Amino acid sequence: MSATAAASADSSEPWRAPVAAGALDAVVELPGSKSLSARALLLAAVADAPTTLTGLLRSRDTELMLAALTALGARFEDLNPSGTQLRVTPAPLPLHVQAAPDGVGRIDVGLAGTVMRFVPALAALADAPVVFDGDEAARRRPMAPLLDALAALGAEVTHLGEPGFLPVRIGPGDGALLRARNARVAVDGSASSQFVSALLLLGALLPGGLELTPTGQVPSLTHVAMTVATLRERGIAVDEPSPGAGDGERTWRVRPGRPHGGQVTIEPDLSNAGPFLAAALVAGGRVSVPHWPAATTQAGDAWRELLPRLGGEVTLSGDLLTARGTRRLTGIEADLSDVGELVPTVAALATLAGAQGHASTLTGIAHLRGHETDRLAALATEIRLLGGDAEETTDGLIIRPAPLHGAALHSYADHRMATFAAIIGLGVDGVRLDDVECTSKTLPGFVGLWAAMLATAGRKLSAAPGGPGFPGAGD
């Protein structure tokens, strides 16, 4: 990476995405999973005893979660200089709100989906109302299904702006949730699995637990499975729906109880591994990620199946996962409904495969329109800026063969759109990005990790694939 590119990451100037100079030979150590960190923090904040968290991600999203849970009475103590080991003293129930003189608490969710969806459910168990608001883009992310479910359970929900969106005030109402013995609720989970997870995380804290029935097709069910697994690991019994149950018939039953405290170790973020593993497919050579779990509920484990379909090779030796590439990408037809967070990286590889004459079709991802930005529209727009041929469909993207050229790309304040641009820049000279620092949302230090990986280019491998340049890419 040039000095100019490194400097631009810390200035108002656009970041110049570095082009791969040769085959890679890198090992990339990644911080903890954002999704697991969010769930671990929330469960520790309401546990029956203190918890020590190890491997915690410290990023903008987790800092917002820490601030939100502190506002509800939990206490956090850093146990190492990096803050990745944390001791959590749980809050008592009902949760005690740090309120302003007007008697109302206030929580900034930023652009963190887990904070804006998970924490409002907890606020219904507090001793005072709480106002939730966040970044401007957060005010466009859907909240209505969760808010409707909380109101149906007895919480007080007051819309302070457009109904169904932030800002919103959540309060305990007459305390019905803290007395609920047979709580049942339905929620439309078609826009986000986070609505389902938020209510599952709440359910154990109700006196009689919770019976939850999502309506519509729930995307990213891997994240619901993650929530169920983390609850069970903390001693909460969860009954799952029968395998054959259809939409509107699947019911989860969460048994009552405070989650256990103790020791919790958080896995590395396998979704954030995607851009680095993808780099091997673009640049050639190999990129390895250590501490890959043998079994996991993280959506990012799907890289083991997706990357070979895009032209790479993937091996798992012990806990070291390695991706190898030959710079010969292939198109893909994939239903990504369960792994939507991986789509920007898949789309980047598919766009570069388009420069080599291969088409791709990505489906099952209509819910990405409600993420940090409308990711389907953003991806289609940025691919076309690069000279590519991309078309939005009802539930996905079609990417057709087209030569690519450099362009000034936009991050939309979305960390995964920023890493999309970084991957494209490996194979297409002249890619610039307006805000690479938005990657700090889930991966602080991304630019340094990316530069360190690229610094391995040209090392002699035992069987170094690929040659200089990227076939089909314009200048």
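How many cavities of 30 Å³ or more does a search of the whole structure find? The search finds five such cavities, where a cavity is a set of points on a 1 Å grid over the protein atoms alone at which a 1.4 Å probe fits but cannot get out. This is a predicted model, in which local features need pLDDT of at least 70 and side-chain atom pairs count only at pLDDT 80 or more, while totals for chains, interfaces and linings use all residues. Residues are numbered from 1 along each chain as its sequence is written, and side-chain values use heavy atoms, with hydrogens and water left out.

**Cavities**

- The largest cavity holds about 290 Å³ of space, a volume being the space filled by probe spheres set on grid points that are joined across faces, edges and corners.
- Its lining has 22 residues, of which K34, Q194, H223, E341 and H371 lie nearest the centre; lining residues have an atom within 4 Å of a point.
- By class, this lining has one nonpolar, twelve polar and nine charged residues, where Ala, Val, Leu, Ile, Met, Phe, Trp, Tyr, Cys and Pro count as nonpolar, Asp, Glu, Lys and Arg as charged, and the others, Gly among them, as polar.
- At least two lining residues of the largest cavity come from each of α2, α4 (113-123), α7 (193-203) and α13 (415-427); helices (H or I, at least four residues) and strands (E, at least two) are DSSP runs, numbered from the N terminus.
- The second largest cavity has a volume of about 60 Å³, and the residues lining it include K34, H223, D269, E341 and R416.

**Pockets**

- The largest pocket, a pocket being an open set of points with protein on both sides within 12 Å along at least five of seven lines, has a volume of about 240 Å³.
- Among the 15 residues that line the largest pocket, L36, T230, E233, T265 and E267 lie nearest its centre, and α2 gives the most to this lining, with four residues.
- The lining of the largest pocket has seven nonpolar, four polar and four charged residues.
- The second largest pocket contains about 160 Å³ of space, and R181, R184, R253 and R255 are among the residues lining it.
- The lining of that second pocket divides into four nonpolar, three polar and five charged residues.

**Nonpolar cores**

- The largest nonpolar core has 81 residues, of which L72, I107, F132, L199 and L200 touch the most other members; such a core is a set of buried Ala, Val, Leu, Ile, Met, Phe, Trp, Tyr and Cys residues joined through side-chain atoms within 4.5 Å.
- Helix α2 (residues 34-45) provides the largest share of this core, eight residues.
- Another core, of 77 residues, lies apart from the largest one and has L329, V343, I423 and W450 among its members.
- With neighbours within four places in sequence left aside, I107 is in contact (heavy atoms within 4.5 Å) with residues including A68, L72, V119 and F132.

**A buried threonine**

- T227 lies in helix α8 (residues 221-233) and is buried, with a relative accessible area of 0%; buried means under 20%, exposed over 50%, and partly exposed in between, for a 1.4 Å probe and protein chains only.
- The side chain of T227 makes a polar contact with the side chain of S197 at 2.7 Å, a polar contact being a pair of N or O atoms within 3.5 Å, of which, within protein, one must be able to donate a hydrogen and the other to accept it, and residues adjacent in sequence count only if both atoms are side-chain atoms.
- Beyond neighbours within four places in sequence, T227 is in contact with R39, S197, L200 and L201.
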